[in-house]
Amino acid sequence: MNLFTAVLLGISFTSFLSLYRLLNGPTVFDRIVAASAITTKTIVVVAVLSFLYDQDIYLDISITYAILSFLAILGVAAYIVKKEENQ
Amino acid sequence: MTLIINILTAILMFSGVFFFLAGSIALIRLPDVYTRLHATTKLDTLGLGLILAGLIVYDGITLASVKLIFIVFFVFLTSPTAAHAIARAAYKSGVKLWGKNPIDRYGESQNDNS
């Protein structure tokens with residue numbers, strides 16, 4: 001088995017572990033934390049896939065995904081703070 | 001030389017997977033939002049940093065490794081910022097600290113200011 005395939009299998013397994021907290025979290029913030037952990041794993045998966053398939057263009061997708069997940073998490077956190085202050 | 005590079009890549013990538021595994025188990029086992037946030041911040045910086053460092057060692061100095069260095073730098077900047085935003089939003093919306101935690105410095109500083 002290729003080294004990159006083994007690493008991809010390990011990361012996928014840990015993603016499923018995080019999915020438990022995403023589905024089961026007591027508060028909405030637990031779900032946000034689990035979602036941010038899964039997006040980090042997705043960034044790494046896309047970067048390793050780019051080496052497995054030998055396609056450099058996948059790294060640009062990885063950069064874009066990092067920026068998008070950061071903006072999404074900041075947006076959700078700011079939205080919840082605004083909602084609390086208005087009440 | 002190729003053998004040394006391959007062994008170094010394998011060591012770096014598997015230690016990154018180990019940190020991913022430890023962070024995910026901590027995400028399930030730890031008791032409240034703030035401690036889970038602490039665990040996943042380690043997962044972001046160490047896991048992603050080590051695996052992408054393994055890829056950089058494997059590839060040498062090319063355009064791809066420059067892009068990888070940019071991803072690592074960007075995530076090292078944004079991951080603590082996002083964690084801070086989540087913790088602040090959680091505290092402001094009244095998520096309680098874990099019952100056995102005796103210290104609440106953020107709440108004390110808020111009371112001093114007001």
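Trainee: In chain B of this predicted model, in which helix is confidence lowest?

Mentor: Chain B averages a pLDDT of 87, and 98% of the residues score at least 70. Within chain B, confidence is highest in helix 1 (residues 2-29), at 91. The lowest confidence, at a mean of 73, belongs to helix 4 of chain B.

Trainee: Which helix of chain A supplies the largest share of the side that touches chain B?

Mentor: The contact takes 35 residues from chain A and 37 residues from chain B. On the side of chain A, helix 1 (3-24), helix 2 (28-53) and helix 3 (57-86) each supply at least two residues. By class, this side of chain A holds 23 nonpolar, 7 polar and 5 charged residues. The largest share, 13 residues, comes from helix 2 of chain A.

Trainee: Are helix 2 of chain A and helix 2 of chain B roughly parallel or roughly antiparallel to each other?

Mentor: The axes of helix 2 of chain A and helix 2 (residues 33-59) of chain B come within 10 Å and cross at roughly 5°. Angles under 35 degrees count as roughly parallel. The two helices are therefore roughly parallel to each other.

Trainee: How many nonpolar residues does the contact of helix 2 of chain A with helix 2 of chain B have?

Mentor: From helix 2 of chain A, the residues that meet helix 2 of chain B include Val33(A), Ile43(A), Val44(A) and Phe51(A). Among their counterparts in helix 2 of chain B are Leu37(B), Leu48(B), Ile51(B) and Leu55(B). By class, this contact has 3 charged, 3 polar and 14 nonpolar residues.

Trainee: How far apart in space are Lys96(B) and Ser24(B), C-alpha to C-alpha?

Mentor: Lys96(B) lies in the loop between helix 3 (63-92) and helix 4 (105-113) of chain B. With 12 other C-beta atoms within 10 Å, Lys96(B) is exposed. Lys96(B) and Ser24(B) are 72 residues apart in sequence, and their C-alpha to C-alpha separation in space is 22 Å.

Conventions
Residues are numbered from 1 along each chain as its sequence is written. Chains are lettered from A and ligands numbered from 1 in the order in which they are written. This is a predicted model: local features need pLDDT of at least 70, side-chain atom pairs count only at pLDDT 80 or more; totals for chains, interfaces and linings use all residues. Helices (H or I, at least four residues) and strands (E, at least two) are DSSP runs, numbered from the N terminus. A residue is buried if 20 or more other C-beta atoms lie within 10 Å of its own, exposed if 12 or fewer, and partly exposed in between; C-beta atoms are placed from the backbone. Two residues are in contact if their C-beta atoms, placed from the backbone, lie within 7 Å. Ala, Val, Leu, Ile, Met, Phe, Trp, Tyr, Cys and Pro count as nonpolar, Asp, Glu, Lys and Arg as charged, and the others, Gly among them, as polar. pLDDT is the predictor's confidence in each residue, from 0 to 100. Axes are lines fitted to C-alpha atoms, for helices over the stretch in contact, and angles run from 0 to 180 degrees between N-to-C directions. Angles under 35 degrees count as roughly parallel, over 145 as roughly antiparallel, 65 to 115 as roughly perpendicular and the rest as oblique.
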